[in-house]
Amino acid sequence: LDSLFIFVGVYDLEGNLLEVNRAPIETARLAREDVIGKPFWEAYWFSHSAETQDHLRSLLARAARGEIVREDLATRVAGDRFITVDAMFGPLRDGTGAIVEVIGSGVDVTDRTTAEEAARRANDLLRTVVAGAPVVMFALDPEGRFTLSEGRALEKLGLRAGQMVGASALEVYRGVSGFEPAFRRALAGEQTVLASEVGLVAFEAVYAPSIDRQGRIDGVIGEAFDVTDRKRAEQALRESETRLRAIFESEPECVKIVARNGTLLDMNPAGLRLIGASTLDSLPSLRVFDLIDAQYHDLYREAIDAVFRGESSQDQYQIVGPDGSRRWMEQH
């Protein structure tokens, strides 16, 4: 026993320590006479906490009644440092089967419990982030059942976090165009992006295969972004562009858009009629200077430069149509 690094002790039925191996003694820098014959819970290892002492007394009493009990115990060692011991206590019987003593053992599992606590903290942090994110994060098993449903955007659907776990997404979203094909493609290993609408909410969702530790696909994970506001803004922009285009097209005066280098980018029908052209593509040149009498090129260039300095201008010059006809134009 003395050569083992685990902790081993033998106790009488009242919980007094009768025998102990070397490891726990040396770890706490104690002498055998400090602990032998004394209640185990009063020893240096556990005297740091009345709650721990009461719990240890209860464990030993249960073992003395015939139970095998096992607990993780916070144990003090040398230098007031603490480790976590996976402790087990059970009855020791004589040849007749009567319980005569209690035997206990313990293994230092501090590294394991530290790793578990770090994992719990990371998991709690992840859940906090997921729960507060303005998205829906979900996971589906190979049959399409939800194993995860989190995210603040669930509120837009009238759902609570975790409410959909266990439900079949294939049934719930049967009417959502493209959902099942996207799920099947992700389950086959292909990442897929799908734009869809659920009720009055527009989502853009990413579906990806979920990979287990053996590298096998064990389901689908995804993230859905609420893009309702963006879609509304895009629709409003399209409607605004349509209205502006209608105004541009119906304006009775010549309206044109010219780049700084003099390239003609657009011209309304009234302007095209003015220069004798049917469409912009029918012009022999899109250089606006080719439509203006050469003696006015400098004037026109100065007008463009003034605009790019933030100034307005008003000038008169002659334009030359594709057929050679000339007209006077006042430009603002």
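View 1. Two rings of Phe, Tyr or Trp (taking the six-membered ring of Trp) count as a pair if their centres lie within 6.5 Å. By that rule, a search of the whole structure, which is a predicted model, turns up 12 aromatic pairs. Take F40 and F89: the ring centres sit 6.5 Å apart with the planes at 70 degrees, so this pair is edge-to-face. It ties together distant parts of the chain, since F40 is in the loop between helix 1 and helix 2 while F89 belongs to strand 4, 49 residues apart. F40 counts as buried at 9% relative accessibility, and F89 does too, at 3%.

**View 2. The largest nonpolar core.** This core has 27 residues, and the ones with the most contacts inside it are V35, F40, W45, L56, L60 and F89. Elements giving two or more residues to it are strands 1, 2, 3 and 4, plus helices 1 and 2. Helix 2 gives the most, with 5 residues. Which residues does L56 touch, leaving aside its neighbours within four places in sequence? The partners are F40, W41, F46, L73 and F89. Another core lies apart from this one, with 23 residues, among them F146, L154, A169 and F203.

View 3. Strand 3 and strand 4 share 9 bridges in the antiparallel sense, and R70 stands opposite M88 in strand 4.

**View 4. Helix 5 and what covers it.** Helix 5 spans residues 179-187, and its buried residues are F179, A182, F183 and A186. Why do they share a side of helix 5? They cover an arc of only 100 degrees around the axis, which puts them on the same side. The cover over these buried residues includes strand 6 (135-140), helix 4 (169-172), strand 8 (192-198), strand 9 (201-211) and strand 10 (217-226). After helix 5 comes G189, with a positive phi near 110 degrees.

Note on methods:
Residues numbered from 1 in each chain as written. Predicted model: local features only at pLDDT ≥ 70, side-chain atom pairs only at ≥ 80, totals over all residues. Heavy atoms only, no water. Buried < 20%, exposed > 50% of the residue type's maximum accessible area, 1.4 Å probe, protein only. Helix = DSSP H or I, 4+ residues; strand = E, 2+ residues; numbered from the N terminus. Arc of directions from axis to C-beta. Contact = heavy atoms within 4.5 Å. Core = buried A, V, L, I, M, F, W, Y, C linked by side-chain atoms within 4.5 Å. Pairing = 2+ DSSP bridges. Phe/Tyr/Trp six-rings, centres within 6.5 Å; stacked < 30°, edge-to-face > 60°.
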